[in-house]
Amino acid sequence: MAWLFLILAGLCEIAWAIGLKYTDGFSRLSPTIGTVAAMAASIGLLGLALKSLPVGTAYAVWTGIGTVGAAVFGIYLFNEPATLVRLGCIGLILSGIIGLKITS
């Protein structure tokens with residue numbers, strides 16, 4: 001169950017990272033409310049996951065999911081560059097997340 005909480009926390013991490021772009025510096029109410037809610041959910045779910053997962057592993061996986069997801073959605077939604085080097089680095093982060101899951 002802890003891994004499910006951690007994955008959901010990572011998805012909320014992606015949501016708030018992308019949501020920040022839509023808040024326009026917290027000047028738009030609806031995206032700001034959604035972003036703050038995603039932040040709270042992300043931290044809350046991470047806290048639940050930490051009841052039984054090692055903090056180093058959980059934090060690395062949580063930030064890794066957020067990093068990879070924000071980068072991928074940034075490419076898709078905001079036309080950020082998708083260079084071979086950038087995609088390769090995203091792949092390295094993803095392989096680290098998988099490695100942490102396998103060894104935990």
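Predicted model: local features only at pLDDT ≥ 70, side-chain atom pairs only at ≥ 80, totals over all residues.
A salt bridge is taken here as a side-chain nitrogen of Lys or Arg lying within 4 Å of a carboxyl oxygen of Asp or Glu. The interaction joins the side chains of glutamate 80 and arginine 86, with an N to O distance of 3.2 Å. Glutamate 80 has a relative accessibility of 30% and is therefore classed as partly exposed; arginine 86, at 26%, is likewise partly exposed.

Asparagine 79 is situated in the loop between helix 3 (55-78) and helix 4 (84-103). The phi angle of asparagine 79 is near 55°, a positive value in a residue other than glycine. Most residues other than glycine have a negative phi. With a relative accessibility of 68%, asparagine 79 counts as exposed.

A positive phi is also found for phenylalanine 26, where the angle is near 60° in a residue other than glycine. Phenylalanine 26 belongs to the loop that runs between helix 1 (2-23) and helix 2.

Threonine 35 forms part of helix 2, which spans residues 29-49. The relative accessibility of threonine 35 is 1%, so this residue counts as buried, the criterion being a value under 20%. When residues up to four places away in sequence are not counted, threonine 35 is in contact with Trp16, Gly19, Leu20 and Thr23.

Notes: Residues numbered from 1 in each chain as written. Heavy atoms only, no water. Buried < 20%, exposed > 50% of the residue type's maximum accessible area, 1.4 Å probe, protein only. Helix = DSSP H or I, 4+ residues; strand = E, 2+ residues; numbered from the N terminus. Contact = heavy atoms within 4.5 Å.
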